[in-house]
Amino acid sequence: MPSSVRTTTLPCGEAIPVLGQGTWKMGEDSRRRAEEVNALKLGLDLGVKLIDTAEMYASGGAEEVVAEAIAGQRAEVFLVSKVLPSNASRAGVQRACENSLKRLATDRIDLYLLHWPGSVPLAETVEAFEALKKAGKIRHWGVSNFDTGEMEELVGLPDGGNVQTNQVLYNLVRRGLEFDLAPWSRKRKRGIPLMAYSPVEQGALARNASLDAVADRHGATAAQIALAWVMHQDGVIAIPKASSQDHVHQNVAALDIELTGEDLADLDRAFPPPSRKRGLEMI
């Protein structure tokens with residue numbers, strides 16, 4: 001168990017952990033609910049206080065799992081949820097947020113994200129987010145699955161500069177955003193962290209032999225090296241899902257892995273960074 005969970009800083013100045021707990025596909029099977037709740041609770045006990053969920057996950061079922069896990073300790077948790085693009089109108093955002101708050105059994109969401117770009121004008125969604133902030137229903141807002149051009153459009157809108165994060169697919173085999181989106185986000189006047197979903201490529205990197213040599217040097221697993229690499233990146237938050245307590249312990253232990261220059265060079269050779277612009281990937 002690490003002595004503390006490292007943090008990065010949102011544009012508003014608030015520090016949040018670089019390791020969170022994802023909940024995609026939680027809440028889909030009632031037979032696994034107790035195991036999922038206990039995994040999230042263990043993560044909280046180990047200091048991983050950021051939990052990411054969405055109204056889309058299990059049609060709200062994941063938010064209900066989160067509600068059970070955070071009961072009695074809401075004040076300690078940084079809670080992230082997302083609104084579907086189909087609900088991103090002024091009235092739709094208000095309604096969706098109220099429904100998420102009910103399922104989460106809380107009076108506010110710490111960070112509320114637009115799940116991906118949709119047909120509703122961004123300006124309308126931003127206005128709705130700002131209204132929720134003024135009403136105290138959310139503390140901050142951000143986006144998910146936005147490429148560089150979409151982020152430029154966003155920050156050019158009235159109040160669009162209040163965006164606090166962009167949640168994107170990012171891991172060793174999905175490095176395309178390093179060419180332009182990551183440096184654009186890191187610029188000093190912006191400082192917008194990226195929140196990396198599927199940091200172990202839905203488990204595929206746990207079975208990738210290219211990670212074995214680095215893992216052996218650290219007495220770690222390939223999955224832990226993949227996760228440590230994501231958390232090593234400047235201004236990146238990793239949100240792996242862990243449905244079992246053993247998996248939670250392994251994710252948290254990855255915080256203590258300090259990748260060396262040799263490690264990073266080996267990983268770059270095995271998983272080369274992009275040399276040109278690529279479209280933002282999604283799953």
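Mentor: Helices, of at least four residues, and strands, of at least two, are taken here as DSSP runs numbered from the N terminus, and the structure we are discussing is a predicted model.

Trainee: In which loop does Ala58 lie?

Mentor: Ala58 is a residue other than glycine, yet its phi is positive, near 55°. As for its place in the chain, Ala58 lies in the loop between strand S4 (50-52) and helix H2 (61-70).

Trainee: Is Ala105 buried or exposed?

Mentor: Ala105, although not a glycine, has a positive phi of about 55°, and its place is in the loop between H3 and strand S6 (109-114). The cut-off for exposed is over 50% relative accessible area. With a relative accessibility of 65%, Ala105 therefore counts as exposed.

Trainee: How are H2 and H3 set to each other, oblique or roughly parallel?

Mentor: The two helices, H2 and H3, pack with their axes 7 Å apart, at an angle of about 45°. Angles under 35 degrees count as roughly parallel and those from 65 to 115 as roughly perpendicular, so that the angle makes the orientation of H2 to H3 oblique.

Trainee: Which residues in H3 meet H2?

Mentor: On the side of H2, the residues are Glu63, Glu64, Val66, Ala67 and Ile70. By class, the contact of H2 with H3 divides into four nonpolar, one polar and three charged residues. The partners in H3 are Ser100, Arg103 and Leu104.

Trainee: What is the handedness of the crossing of H3 and H4, left-handed or right-handed?

Mentor: Helix H3 (residues 90-104) packs against helix H4 (residues 122-134) at an angle of about 40°, with their axes 8 Å apart, and the two are therefore oblique to each other. In this contact H3 contributes Arg90, Val93, Gln94 and Cys97, while H4 contributes Glu124, Thr125, Glu127, Ala128, Phe129 and Leu132. Those residues comprise five nonpolar, two polar and three charged. The crossing of H3 and H4 is right-handed.

Trainee: Which helices are included in what covers the buried residues of H9?

Mentor: In helix H9 (residues 245-253), the residues Val248, Asn251 and Val252 are buried. They cover an arc of only 95° around the axis, and so they are on the same side of H9. What covers these buried residues includes helix H1 (33-45) and helix H8 (222-232).

Methods: Residues numbered from 1 in each chain as written. Predicted model: local features only at pLDDT ≥ 70, side-chain atom pairs only at ≥ 80, totals over all residues. Heavy atoms only, no water. Axes fitted to C-alpha atoms, helices over the stretch in contact; angles between N-to-C directions. Parallel < 35°, antiparallel > 145°, perpendicular 65-115°, else oblique. Left-handed = near helix turned anticlockwise from the far one by under 90°. Contact = heavy atoms within 4.5 Å. Nonpolar A, V, L, I, M, F, W, Y, C, P; charged D, E, K, R; others polar. Buried < 20%, exposed > 50% of the residue type's maximum accessible area, 1.4 Å probe, protein only. Arc of directions from axis to C-beta.
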